[in-house]
Structure formats: structure tokens, C-alpha cells
Amino acid sequence: MIYAGIDEAGYGPLLGPLCVGCTAFEVPTPAGGDGPGCLWKALAGAVCRSPADRRRRIAVDDSKRLKGARDGAAHPLRHLERGVIPFLAAAHGHAGDWSSDDALLAALATPGDQHAPRAAVPWHRDALELPVGNNAVALRIAVAMLRTALSRTGIAVRAVGVRAMEPAELNALAARIGNKATINFMLAAEHIERVRTAAARAGTWAWIALDRQGGRTTYLDQLRTSFPDASLAVLEESDETARYRLEWRSTQGQVAHHAVVSFELGGEERNLPVALASMAAKFARELHMRRLNAFFARHVPDVAPTAGYVMDGRRFLEAVGPTAKRLGIEESALVRCL
């Protein structure tokens, strides 16, 4: 079966992209067709939850727990970088050369990414060096460690991707939809569609886990709107879990197949693919913000970097606004309306 997880980063900021990550694993089908087992347990030879593991295994957890403080002794992206790159390398089947963020962001990009808005803003024209919080040797060791664990268990990483929606695209979509929660669900649905079609091509089925979306407890109407050609059945709707089975009939060029979509309270704590999707989305967003900060630091040398959240984002905009206007940067390319 394909076991996938979806999570977002950057839902609330004023600046920078909304990033929705997705990771997918091919795992042995459990007896009886029940939900997948625990990948933290299956991959325990290489993976753990704690960033302070004495065995130096790869920490995979909710990105909020792994991103360090900006004034800490280590780089704040150290654990996100060390977690995302080995799984990305496994998904692409090679260790890769991740010496620039261009290569890494390209490897993470999904087919839904709109590259035109990204190319239109000047901070995406220059690549920045990687790694940021590790050395290349340590990352190669982590890549090899994960490869060994995957080989021993028969588990395969099939995808590590991030759909990054820049402010220009987000603002244009918001003008038509006007609801950020709906846009966020649309991006998650893009990932669900890719996972279920990949599973169908492989002749298997998918279990797709997500954190709860916007505090909702039911998602039947949203799934019907996103997947009108599927028949839906409610498997569970409770305070903690909303789970659905979607079935697609055999059509020309597509075999009959199904997917289980599970919205879970604390999904990143219960599903390694969701935690890893959270890490990938956060790491991608941080790399985007790193580019934006580097660009404006060249033009406004005394401006302090920003993570893009509302209060600090306003401080940053006040400092760089005149420069952005002088450079011909549209406000809609920089500032999110939602």
C-alpha cells in the first residue's frame, strides 16, 4: 500500500509562501487491510523523534518541535535539513548534490507549482548555498543510514514534495475564493490526487493521513467537491478522527482503485509521513524566506531578517517598503492579503 501524509507551513504569516508538503511511502499491506503500522517503529534503526538522540539517528517530528531558536547555539534549521534531505534523496534514488537551494527546491517542487510568479520576484533569481546547519559529510552519513534501514524493512520512499504558493498566486486565488481555509484544502487535495493516481498506476491502494484542517471535524462535502468522480463512504467521524473511503471505478486508462483519507487531531504525532510533510513544508518555506531576507539585506543593509509573521512582517515592510517600490516590486508579490 501507499502510506502518505500531508501537512502545511505558513498558514498565518503576512509574507512568504503558503507551503503544503506531502510524503509518501510504499509499505507492506497489513493483515486485514487495516491502517498502516508505525513507521517510527519500523525504521527505528535510522529514525527517532528526539533531536538529542544518543545514537545520532534522524529526528522526524512536528516541525515546530524541531526548528531551533534563532539565537540558539546551532542553526535553527539544523534538524529540519538533516531530516528532509535523507528522505528526499531516497525518493529520488540517489544521494544528490544539495549544495544550493535551487537544486533542493526544484527536487521538492510538485507539478502544481506555478513557476511564473516565482520567477517574477527578484529574490528567487539567485540561488543560495546549502547546507545551512550541517556539513555535507554528516548529511551523506544520514542518507546512508536511512538507505540501510529502508533496505532492511522493504519500505520505499515514493515522494517528498512541497506545493509552495507564493503571495502573487495566493492573492489572485483569494480574489476569486476569498477563503484561506478553502485554498489550503485545495492544495491538500492536489496532493491527495497525485497519491491516489500513483497508487492506481502501481496497482495498489493508498492510506492518506492529514492533520485536522481549520478545526473541522467533518470533511464529506469538501471531499465530494474535490473528487466528484469518486464514491465516498464515512468510516469514522469523531472528535479526534474523520476517516473516509474513496472509490474510483474502472475507466479507460484507469483501473478501479480506492484510497482512505484520514483527518486526525494531532496527525503529525500519530503518522510519520505527516510529521515529515510538516518538516518538508517548513524547510521549504524557510528557504524561501532566507532568499527574501538576503535580497533585501543587499538593498537595506541594516534591516533585520523576518520570518514573515504579522507583527514582525509589518516592521520589515516599513523598513523595505520604499526600496521595494523603487525596484518596481508590486505589493501583491510581497504581501499576502489572506
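Biologist: How many bridges join strand β1 (residues 2–9) to β2, and do the two run parallel or antiparallel?

Modeller: Eight bridges join β1 to β2, and the two strands run antiparallel. Keep in mind that this is a predicted model.

Biologist: Which residue of β2 stands opposite D7?

Modeller: Look across to G21 in β2, which faces D7. Now turn to β5. Nine bridges join β2 to β5, again in the antiparallel sense. There, G21 has V162 as its bridge partner.

Biologist: How much of strand β2 is buried?

Modeller: Strand β2 covers residues 18–26, and eight of its nine residues are buried. It is therefore largely enclosed by the rest of the structure.

Biologist: What is the strand order in the whole sheet?

Modeller: Read it as β5-β2-β1-β6-β9-β8-β7. These seven strands form an open sheet with mixed pairing. At the edges stand β5 (156–165) and β7 (231–237). Each has a single partner strand, so one side of each lacks a neighbour in the sheet. From one strand to the next, the twist averages 15 degrees.

Biologist: On to helices. At what angle do the axes of α11 and α12 cross?

Modeller: At roughly 70 degrees. Helix α11 spans residues 272–299, helix α12 spans residues 310–326, and their axes come within 10 Å. Angles of 65 to 115 degrees count as roughly perpendicular, so α11 is roughly perpendicular to α12.

Biologist: Which residues meet where α11 and α12 touch?

Modeller: From α11 come L292, N293, F296 and H299. From α12 come F316, V320, T323, A324 and R326. By class, that contact has five nonpolar, three polar and one charged residues.

Biologist: Why can charged side chains pair?

Modeller: Opposite charges can pair when the charged atoms come close. This structure holds 19 salt bridges.

Biologist: How far apart are R224 and D221 along helix α9?

Modeller: Three residues, which is about one helical turn; α9 covers residues 220–226. The two form a salt bridge, with the closest N and O atoms 3.8 Å apart. Exposed means over 50% relative accessible area. D221 is therefore exposed, at 53%, while R224 is partly exposed at 46%.

Biologist: And K282 with E286: where do the two lie?

Modeller: Both sit in helix α11, four residues apart, about one turn of the helix. Buried means under 20% relative accessible area. K282 has 12%, so it counts as buried. E286 is buried too, with 8%.

Notes: Residues numbered from 1 in each chain as written. Predicted model: local features only at pLDDT ≥ 70, side-chain atom pairs only at ≥ 80, totals over all residues. Heavy atoms only, no water. Pairing = 2+ DSSP bridges. Axes fitted to C-alpha atoms, helices over the stretch in contact; angles between N-to-C directions. Parallel < 35°, antiparallel > 145°, perpendicular 65-115°, else oblique. Contact = heavy atoms within 4.5 Å. Nonpolar A, V, L, I, M, F, W, Y, C, P; charged D, E, K, R; others polar. Buried < 20%, exposed > 50% of the residue type's maximum accessible area, 1.4 Å probe, protein only. Salt bridge = Lys/Arg side-chain N within 4 Å of Asp/Glu carboxyl O.
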